[in-house]
Amino acid sequence: MKKRKFFGVASSVTLAGALLLAGCGSQGEETSGGGSEVEKKTIKVAHYFAEEHPQNIALNEKFKKMVEEESNGELEVQIYANSTLGAEKEFYDGVRNGTIEMGIPGLIMQSDIPKMGVPEWPFLFRDFDHVKKVLNGPIGEELTADLDPKHGVTPLAWSANGFRMFSSNRPIESMKDFDGLRLRMPNIPNYIKLGESLGANVSPLPISEVFTALEQNVVDAQDNPIATLRSSAYYEVQSDVLESKHMFSPNIYIINSKFFNGLTKEQQEIIQKAAKEAAAYEFDLLEKSYEDDKKFLQDNGIKFTTPDESFAKEMLDASQPVYDEVFKENDWAEELVEKIKAE
């Protein structure tokens, strides 16, 4: 009898231990071969680009692959394209409050952090090499310095949306063609100011609403790099593109600082390395895709207009009120612009 009682107690202890281990496994902890427990972490990455855009391609082919392989499965990356987790403001706020681990926004945070708006000031960059030299150097670090202390997000890498151009449902061949043009632009002050300075009637809309607004003739035109015109199928509801290159739009890889600081040093290094490699790959894809995108759009009925020197200068001159305003509001702005132009 004593032996039977002893056997029963031992069985209960064994069963309880098994249940405890099963409970740990259900919470996402995995036991390694050495017996130590490692918690598997999921990184949700949100952005607003279409599935076919270089931004999404780079995230899948480089960032996700590198992070999952180099972390030996300790980190899982889930990518949410095409505003699946909300429009830009919603997913950026999600990264700030930690409900989303990572995001690839544009420069929506510039309303609180003015220096983040600098790269999108009009006619500031000469070409892709100039952009990369500025953003990947000390100036880029200066621009992002307040992201963590003010918004609780850690910058990882600059990537490219590209040089913006105007697409429209009629040709834009001179300054007078902007008069009365119903132009969609992001709800960002320097964008709106530029559109108004050119003579257009600006309608601020999130990117998730652009196609419908064009299709229903709520607006006549929009501005984006032509990679977006192709991947988001705006060419189906537009007829013309003005190769204005009036502004460069970067994107930035950001991660919730609390989440990032809770990772091991090795995991942080893996994410930083993967972000930089994916962003560099995306820059390269976007730059190389321009002629291919242009041919695709032309084959689908889009007419391209390249502004001559006179028209280009008129657009540049028309943008001066944007600079007058930012110089008045920010005592550091004029010096920073000169530094960028000197690079």
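I take helices (H or I, at least four residues) and strands (E, at least two) as DSSP runs, numbered from the N terminus. The model is predicted, so I note its limits: local features need pLDDT of at least 70, side-chain atom pairs count only at pLDDT 80 or more, and totals for chains, interfaces and linings use all residues. Residues are numbered from 1 along each chain as its sequence is written, and side-chain values use heavy atoms, with hydrogens and water left out.

Entry: threonine 228. I found threonine 228 in helix α9 (residues 226-231). Threonine 228 counts as buried at 2% relative accessibility (buried is under 20% relative accessible area, exposed over 50%, partly exposed in between; 1.4 Å probe, protein chains only). Leaving out residues up to four places away in sequence, I list its contacts as Phe49, His53, Asn161, Ile207, Ala233 and Tyr234 (heavy atoms within 4.5 Å).

Entry: strand β6. I looked up β6 (residues 153-168) and found 15 of its 16 residues buried. β6 runs antiparallel to β10 (residues 240-256), with 13 bridges joining them (strands pair if DSSP finds at least two bridges between them). In this pairing threonine 154 stands opposite isoleucine 255.

Entry: aromatic rings. I searched the whole structure and got 14 aromatic pairs (rings of Phe, Tyr and Trp, the last by its six-membered ring, with centres within 6.5 Å; planes under 30 degrees apart are stacked, over 60 edge-to-face, the rest tilted). Tryptophan 121 and tyrosine 323 are edge-to-face, with centres 6.2 Å apart and planes at 80°. The two residues are 202 residues apart in the chain. Tryptophan 121 is buried at 3%, and tyrosine 323 is buried at 7%.
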